[in-house]
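User: Could you walk me through this structure, one part at a time?
Analyst: Of course, please have a look at it here.

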Amino acid sequence: MIEPFLSAVPVLEKLEMAGYEAYFVGGSVRDFLLHKTISDVDIATSATPDEVKKIFPKTVDIGIEHGTVLVLFQNQSYEITTFRTEAEYQDFRRPKEVTFIRVLSDDLQRRDFTMNAIAMNREGKIIDPFDGQTAIKEKIIRTVGDAKERFQEDALRMMRAVRFVSQLSFHIEEKSLAALKKLVSLLENIAIERKREEFQKLFAGANRKQALELIIETNIYSFLPGLQNKKEEIQDMLSFNMDRLSPREMWALLGYCLKLKGKEIEGFFRNWRFPLKEIREIQHILLFLEKRLQSEWSTYDLYIAGKAIIQSTEILYLVLEGIRETSSIHHFLQLYKELPLKSRSQMKVTGNDLMIWYERNAGPWLKEKLDHVELAILEGHVANDKQRIKEWLSRCNHK
Ligand code: ATP
Ligand code: MG
C-alpha cells in the first residue's frame, strides 16, 4: 500500500477494533488503481456517525445527515461516511432521507459509476462487486445498474459522467450515454451549486475539450445557467488551445466567448452562484483582457490589476491570439515586481500630510492630489519619499 492510505490504516484499525467494518472507498481507490496521485482518502464504515464520534476524540460534523463525520487523526483529517442506501429519491434529486446500513455491498451499490464503487480494506484487498476494475482498464464510465434508473434517481450523475470524461480521459459507455441524452432535461431539478462544482472540475480536467464537446452533443448546456441557446459561443471556446488555463481562466474565457459586457458579467456569474469575490476577479480579468487586446499594459493598469490578475489576463491574451511563446507573462510580472508601489497604503504621504502642507480642509481636491502623487510615483516622476514628494508638489504648483 502507498500513502496517503498508509497513514490512514490506523483509522480503519481503530474502527475494526471497536467491532465495525471500515474500508477505503470512492475516488481515492479509483485513482490508486489508475496510478494517479491521490488527493484525499474517503473512508466508509458500518459504524453510525454517533459510534464514529465515540471512537475518535476529535471530530467535526460536516454532513451528519448524510452520515459523514470529519475525523482529525494524527494531524490529518478523514471523511468517514456510514454505509448507507438512498432508497427514496425525490424529484430526481439526491434522496431526502438516507438509511444507514451495516453491509458494504449495499453501500457500493448506491454509488454512481462502477469505477467509483470499489472498496479496499486495510490490507490492500480490493472488493469490487461491479467489476469496476475492468471499467478502469478499459477507461469506461459505466453506471452501477441501469443507467436510466440511476440518472433518474439523481440527475447530477449525468454531469458527473461528463466531468469524469474531462478528469480521467475516459469515455461514457454507449448505454449510459444514450440514457444521458434521453434524460438530460432532468438537470433542471438540480441545484446550481452542485452543477457549478462539477463544471469547475470539468474545467480543471486534462480532457476538457472533449468534455465540452460532450456538453454540446448531449444538450447539457441547455440546462446550465446563461448557456441556453449558446451552442455557437461554447463552440467558439473550443477553437482555442485551453490546455494551460486554470478553471478561473476557463470561466473568464467562457465569459469572453459569450461576449458578456459590463453588468452582464456580474449577472452571468451570479446566476452560477459564484461568490462575489470571484465575480470581481473574473470581471477584472475580462476588463483588462479587453484593454490588452488593444494595447500593451500601462504601468497604472499593472498596478491596479496586481500579480494574479496580470498573469491570468496575459495568458488569456496569448491564448486568444494563438501565441505559444509565453515570455510576455514573465515580462509583465517583472515590470509589476519593479513597481515602486504595490498599493496606496504604501505611499509615504497621507491625506493628513497634504492638508497640513496646503493648509486646507478635506474635500474633493484631496483625492485628486493623492491620485496625482500616486501616478507620479508609479511613473517614476518622484520617489516614494515624504520629503521628495513635498518638494515635487511645491515645484508642480509653481509651474
Ligand atoms: P474526485 O476525485 O473528484 O473527488 P470522487 O469520485 O471522489 O472524485 P466525490 O464527489 O468526491 O467524487 O464523491 C466520492 C464518492 O461518492 C464517489 O466516488 C462515488 O462513489 C460517490 N458519489 C458521489 N456523488 C454521487 C452521486 N451523485 N451519486 C452516487 N454516488 C455518488
Ligand atoms: Mg472525492
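**The sheet and the ligand**

Analyst: Seven strands form an open sheet with mixed pairing, in the order S3-S4-S5-S2-S1-S8-S9; strands are DSSP runs of E with at least two residues, and helices are runs of H or I with at least four, both numbered from the N terminus, while two strands pair if DSSP finds at least two bridges between them. This is a predicted model, in which local features need pLDDT of at least 70, side-chain atom pairs count only at pLDDT 80 or more, and totals for chains, interfaces and linings use all residues. Residues are numbered from 1 along each chain as its sequence is written, chains are lettered from A and ligands numbered from 1 in the order in which they are written, and side-chain values use heavy atoms, without hydrogens and water.

User: Which strands are at the edges?
Analyst: The edge strands are S3 (59-63) and S9 (126-127), each of which pairs on one side only.

User: And how do S4 and S5 run, parallel or antiparallel?
Analyst: Strand S4 (residues 68-73) and strand S5 (residues 76-82) run antiparallel and are joined by six bridges, with Val71 standing opposite Tyr78 in S5.

User: Switching to ligand 1, which residues are closest?
Analyst: Of the 15 residues that surround ligand 1, the closest are Arg30, Asp154, Arg157, Arg160 and Arg163, where a surrounding residue has a heavy atom within 4 Å of the ligand.

User: How far is the side chain of Arg157 from a nitrogen atom of ligand 1?
Analyst: An N or O atom in the side chain of Arg157 is 2.7 Å from a nitrogen atom of ligand 1, and a polar side-chain atom of Asp154 lies 2.9 Å from a nitrogen atom of the ligand.

Definitions and conventions. Polar contact = N/O pair within 3.5 Å; in protein donor to acceptor, adjacent residues only side chain to side chain.
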